[in-house]
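Student: I am new to this structure and would like a close look at how its chains meet. Could you start with a pair of chains and then take me through the contacts?

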Number of protein chains: 12
Amino acid sequence: MEILILHGPNLNLLGERDTAQYGALTLTDIEERLRSEAQRLDIQPRFFQSNHEGVLIDSLHEARHWASGVLINPAGLTHTSVALRDAIEAIPVPTIEVHLSNIFAREPFRRESLTAQACVGVIAGFGWNSYILGLHALTELNKRDNPGA
Amino acid sequence: MEILILHGPNLNLLGERDTAQYGALTLTDIEERLRSEAQRLDIQPRFFQSNHEGVLIDSLHEARHWASGVLINPAGLTHTSVALRDAIEAIPVPTIEVHLSNIFAREPFRRESLTAQACVGVIAGFGWNSYILGLHALTELNKRDNPGA
Amino acid sequence: MEILILHGPNLNLLGERDTAQYGALTLTDIEERLRSEAQRLDIQPRFFQSNHEGVLIDSLHEARHWASGVLINPAGLTHTSVALRDAIEAIPVPTIEVHLSNIFAREPFRRESLTAQACVGVIAGFGWNSYILGLHALTELNKRDNPGA
Amino acid sequence: MEILILHGPNLNLLGERDTAQYGALTLTDIEERLRSEAQRLDIQPRFFQSNHEGVLIDSLHEARHWASGVLINPAGLTHTSVALRDAIEAIPVPTIEVHLSNIFAREPFRRESLTAQACVGVIAGFGWNSYILGLHALTELNKRDNPGA
Amino acid sequence: MEILILHGPNLNLLGERDTAQYGALTLTDIEERLRSEAQRLDIQPRFFQSNHEGVLIDSLHEARHWASGVLINPAGLTHTSVALRDAIEAIPVPTIEVHLSNIFAREPFRRESLTAQACVGVIAGFGWNSYILGLHALTELNKRDNPGA
Amino acid sequence: MEILILHGPNLNLLGERDTAQYGALTLTDIEERLRSEAQRLDIQPRFFQSNHEGVLIDSLHEARHWASGVLINPAGLTHTSVALRDAIEAIPVPTIEVHLSNIFAREPFRRESLTAQACVGVIAGFGWNSYILGLHALTELNKRDNPGA
Amino acid sequence: MEILILHGPNLNLLGERDTAQYGALTLTDIEERLRSEAQRLDIQPRFFQSNHEGVLIDSLHEARHWASGVLINPAGLTHTSVALRDAIEAIPVPTIEVHLSNIFAREPFRRESLTAQACVGVIAGFGWNSYILGLHALTELNKRDNPGA
Amino acid sequence: MEILILHGPNLNLLGERDTAQYGALTLTDIEERLRSEAQRLDIQPRFFQSNHEGVLIDSLHEARHWASGVLINPAGLTHTSVALRDAIEAIPVPTIEVHLSNIFAREPFRRESLTAQACVGVIAGFGWNSYILGLHALTELNKRDNPGA
Amino acid sequence: MEILILHGPNLNLLGERDTAQYGALTLTDIEERLRSEAQRLDIQPRFFQSNHEGVLIDSLHEARHWASGVLINPAGLTHTSVALRDAIEAIPVPTIEVHLSNIFAREPFRRESLTAQACVGVIAGFGWNSYILGLHALTELNKRDNPGA
Amino acid sequence: MEILILHGPNLNLLGERDTAQYGALTLTDIEERLRSEAQRLDIQPRFFQSNHEGVLIDSLHEARHWASGVLINPAGLTHTSVALRDAIEAIPVPTIEVHLSNIFAREPFRRESLTAQACVGVIAGFGWNSYILGLHALTELNKRDNPGA
Amino acid sequence: MEILILHGPNLNLLGERDTAQYGALTLTDIEERLRSEAQRLDIQPRFFQSNHEGVLIDSLHEARHWASGVLINPAGLTHTSVALRDAIEAIPVPTIEVHLSNIFAREPFRRESLTAQACVGVIAGFGWNSYILGLHALTELNKRDNPGA
Amino acid sequence: MEILILHGPNLNLLGERDTAQYGALTLTDIEERLRSEAQRLDIQPRFFQSNHEGVLIDSLHEARHWASGVLINPAGLTHTSVALRDAIEAIPVPTIEVHLSNIFAREPFRRESLTAQACVGVIAGFGWNSYILGLHALTELNKRDNPGA
């Protein structure tokens, strides 16, 4: 099972600032842990980060040719991008939205998610562990869709 | 590690109706699966369901004497109960909000969560697997807080 | 044909205060009249009043085992309870919402009904006669669903 | 007892389209049933349908000279016409608002009723039976106002 | 100087009901007083009342051929009719909006005027005297536009 | 192919005022051009203008007996008439909304269209050419629905 | 009959700027014309202008000892001052609100009047003539309250 | 003079958490101080705390048989419960709302009080002293209503 | 202990009008009662009333040199003055907001308090007794801050 | 006459998914039909699709050097991009907005268009034919601006 | 070049409280620095501070006789005063709004500026340096308007 | 001192269009003047313009390695980009927002700034001089942070 793990704007700076809010690990640290857990679950992850809405959309489009699932952390685009929302809806790959922080306990403009409307589900508030939980959730989805696999 | 798994109003009817939205399993079915996964994770779960806001609050209060974590699915109270939100905030037990369906993709009045503001995080949209993911999340939180355990 | 007639918060005080708004009859007076009209229509009503949202929900749940219809006056919960709304939606019994007063001609916060969204229909503004009309409506619904009966 | 039964815009097309929402009966079918029930209740109904707000208002005005009650289904004008609302308020004839569908469970713009603010009460969601229930309600109002009659 | 005095929906019932709000004079009484004051001011008024938005619009259109000014009391259409607003804007005749009651001290939905946006000015709250003041205002406007007259 | 071309309130005054906004052609001028283009497309148009919401609704109702398509410019009713919207929805004739001006670049209250919700599509901002484009669009719709024709 | 004519903030600059909006007359010019018309109506006006909300309130309070009526142009305070609104309500002197421009056709924040809620009526849009019409309105109010005078 | 002192949801946990916001005293501590001050004022208080909206309503209903006044701290229900609001309104006992914290200086959703609309008055922000002030206020109300007592 | 008791706009007219809402006592009557209660509590009050926002702010500023507490009834400025709110926040003297009437049970625009956000607490709805309760509250605050005094 | 036809985010996936909403043709299919119609109209179209807001803006900027018109389908950016709106406004080339679906009959967040405010007009709801109509509209605009051409 | 530097409510207390938000300098300290910088720029500043909206307006009016520019910090009146906004608009002197703190990063009610709508521009967030930047901006404006000076 | 001067979407077209709003200088002209002033202040500026949100974010990220300050004109992204706002917040470089026009005096959607919430301050309305003032502001910030420099 191959999946895409997509990080949105500013996540390349993880571990540098606001560690109270987002934790002290860098994106590389997180990806390492994800790779290890993925291996345990027999998942091949491909990681990708971009600060460009368009690049994230291209990347989702391209994933429809090879991925069985997507984990996406749309970051600041969560609340503003109809285009990204439509991209998730447009591909036939189950997509899960993850957030490091609990967006429901932050500023009002972060409490609404446009992108989540096109996702299977949302996991938010568990730091880098939100991604790990997302891996588990994708595994379960996959089992459900491919019962004999 | 002992935890409370709290089900809000109408969840006792799971498996009876609207199975497209909520799945075909009954609450007993789900609890069985949770018990089995909990055992694997060395967690002792206590299950409780009520249609009464006040009983749910009492139950949260009482859990502060024995529980190391709470999984709560506040169901319809998610969107309306400041009292339940305050109860979650009032106890020193980390609490995770779970939902069977993806509340962000449903009616507008279901897209806002008052209770999530007082929780560590939220997991929504994975059917009964949302609870399983919640168990995993609690385990991780516990490890972080009790590194030597 | 057995039905549940459910009265929400504060309706036990009917006839005591604000008789200009709600009429001079007590709940017992109204139930007497309803019993008499029900008999005429060959309906067996069971009456229940509670000030507890949870008890009303329990009562609706329990009714799915025996009732062919429900008349509910959710009173103050009409405007605030998603949980009660979901309970009505969760049971396979046709439910009709009734109000003594015309809620659409009162304070703005009384003009919106969450519970009505899950009901067959609404009857409001005819004092205790709203319930009588509700009985008639249930009879007709029953005829339509059981044409041969 | 003479009453006016007033049908608003587009109700002349009943039975032609959207029968899932409004039922398969034509307006003539409904009026026939109403006439029969009215006879049973010793009521003389006069029926009138118009797609013109102004004609409906004229008709309400004129009714103040002869009618003891009005049943009105304002259809699309329910949500937009202050002028119709004021006409109902301006005549000393008790008026009841009826709707075929449960307007509280439809699009948001249909959940608010301007005209209901000037009516005795509202009956919605019972198909053509909403009118029958309205007849009963008018009969009761009449009894209450003319106890010796 | 010929002018049109246009009365909107329900004003034909003046003097019949809600005399606390609108005064005890009938429309005929008011028109008599207006005719007398108009004579004093050397104005020829034509009176017209209709409950039909369309008829009022036609009447405004037609007035562009003969009238030097319009007094309009749009009644309930004040708050809802973009079409009437556009009609006032579409004719090259100065139009003044009058109201018997002080609409700014009534229900919130009466505090906004769509039609006033297309008028020269507004006079509200002086009972039938609002019309008299409107006559004076038109006289002044006319003087200003035809200084030599 | 016979179609109805329906003009709403105040469009009879086209060419008289606000020519910056609406162009210098009269309605007769526009209809002439439409007739010529229609002939080219083998369409028989019937033109109708009214300032009366009710008359426009009647006209739509009547069109269901003979028309294969409707072009409607609801003018000021675009933003306020649920009744007109319901009439468009009630007839089984494909309807296209046209506007002379670009309503999305005008006052906020003109940016919302109730009627468009019931139409096939919308064309706005091209002066009288909006109607011409509407003719083309109807032709295409007709081809699609009657491929052999 | 003695009356107070009260001008709010910035009206002392009349005639200096934005003469397209407010006219070319200075406040002194206007007061001269008002004095002359007042004399004709047998009214003794006292004029007062202030840019201070508090001074305007004091002035209204003081007027309750001697004035039979008040004309007030609250200018920018119209839309923001609850205190001024309460002052008008607190004194037993009939008060009329006047505006030079038609505030209902200007920026959205100028379309709401807090002060008008406490006034007898409103006259807006007639330049300095709004005050003249206000004088006439006060005269009529006085006649009505003192029929024998 | 007998009174009811009613504590809403989560107040049983007072003194345990968030002592910066609510103070360090437990509910028992507060009740002790209230008992002592009540004695000084010749008042017999009965204390009651519940996390159940319905129990609070029952308790208010029951109080109408014996209490001369009610102090209520509705806690989280302040902002959401129409049913509790109606219960306060339904009993003929003067009721005063108290809050430990200044709810007007907290999160926006805490700044609105539904229940206060049915109370005599509100006292908020003085910690446990809010209750003491409430006792004084009830004493004064009682004196005013029973001047000879 | 010296305190400032500050009355906002229009309170100088107390006892003259709207005695149903505000009571029959004049401001002098109230101050007399406050003086007497203050003496009992060993408080030296200085009274000040103004209709001028600026004067109230000056007075608060000046009070920071001598007062140990402030009671303020901002009247109509409660809902509109950010400047007054900032003045309360700017001085290091504990300030309590009082209102004669229960502002939460009045017009919507009176239910929000800007000034309360900067106060220790709020007391509303007890007529002149609101001030007496405010005196008690200040005494308690003073005790708490000066435990040895 | 050379024109730019610009497709926004996700339109490269046309024909793959949600064909009920957007039709079964791919973007290449549509462009073929457009090329053929363009040829008929003596127009040279250049096609461009991008999922990147910035690339679309660059492309509009660049078009000011060679294009006589632009057809743009901003897709999801329609509702969120002020930058794209400003780009349309910044170039002196007439631009027409087209949509495949009728955005006014979809989710509320799709009913508002920021970009349309800067366009000549809008065509929505006719599938790929919206583009064809756009070609016709550009041709007409060109004729009007270059009458001698 | 003579300019007016106008400080709004509560700025006289600068340096006394909330120095985290507003800095530790007093208004006198700031004015000293401004005087020195002004000298360097060949500007003669006159300073004025008032807590009275009316006095600020008077001061702006008076400045139209002598000042070539105004720097205004409207403080709390920024968000509430239409009268102050109109005063700025009413004088032919270019006015610049300055704020010590970044009002866009504070409470929501501070993010809107009524007064800025009538100013040339806004400078906010640089402490007392906001005024210095304002001096520079006025100098540049002056150069632009008096190129030969 | 090295700084980044970042120009958002469409600013590359400065001087071409809407010169009334934005001035006649091109971006190159402005940068020349900035370079000259920067030299005077001993600042080394690097200029960068992009129409791509992602490129602007990348550029901010990269600046954290070398820049001591940022001047940003986010143009249309000011009002819509949470991602850009988060990028500003994520880097430890003081950032100042500048605008050529006074965004508070333009369309309502331009009056709110998301990005300004993460900046030190805002300067708007002074044409290209807004940038010059921003240079001065950065110089002062730098002095404050490096007092010995």
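Student: How far apart do the closest C-alpha atoms of chain E and chain J lie?

Tutor: Before the answer, a word on what you are looking at. This is a predicted model, in which local features need pLDDT of at least 70 and side-chain atom pairs count only at pLDDT 80 or more, while totals for chains, interfaces and linings use all residues. Residues are numbered from 1 along each chain as its sequence is written, chains are lettered from A and ligands numbered from 1 in the order in which they are written, and side-chain values use heavy atoms, with hydrogens and water left out.

Now to your pair. The closest C-alpha atoms of chain E and chain J lie 19 Å apart, and no contact joins these two chains (contact means heavy atoms within 4.5 Å). Chain D and chain K are not in contact either, with 28 Å between their closest C-alpha atoms.

Let us turn to chains that do touch. Between chain G and chain I, 18 residues of chain G are in contact with 16 residues of chain I. Together they bury about 1,400 Å², with carbon and sulfur atoms giving 50% of it; buried area is the accessible area (1.4 Å probe) that two parts lose on being put together, summed over both. On the chain G side, G:H61, G:R64 and G:V82 lose the most area to chain I, together 31% of what that side buries.

Three salt bridges are counted between chain G and chain I (a side-chain nitrogen of Lys or Arg within 4 Å of a carboxyl oxygen of Asp or Glu). G:D86 forms a salt bridge with I:R110, their closest N and O atoms being 2.9 Å apart.

α4(G) gives the most, with seven residues.

How are these two copies arranged? A rotation of 120° with 0.0 Å of shift along its axis superposes chain G on chain I, with RMSD 0.0 Å. The two copies are thus related as by a three-fold rotation axis. Copies are superposed by least squares on the C-alpha atoms of residues with pLDDT of at least 70 in both. In chain G, G:T80 comes closest to the rotation axis, at 4.0 Å (C-alpha). Only 11% of the interface residues of chain G are also interface residues in chain I, so the copies meet through different surfaces.

Finally, visit chain A and chain B. Each gives 21 residues to their contact, and the area buried is about 1,900 Å², 59% of it from carbon and sulfur atoms. Zero salt bridges are counted here, but seven residue pairs are in polar contact. On the chain B side, α5(B) has the largest share, six residues. Strand β5 (residues 121-124) of chain A pairs with β5(B) in the antiparallel sense over three bridges; two strands pair if DSSP finds at least two bridges between them. Within this pairing, A:A124 has B:V122 as its bridge partner.

How values were computed. Polar contact = N/O pair within 3.5 Å; in protein donor to acceptor, adjacent residues only side chain to side chain. Helix = DSSP H or I, 4+ residues; strand = E, 2+ residues; numbered from the N terminus.
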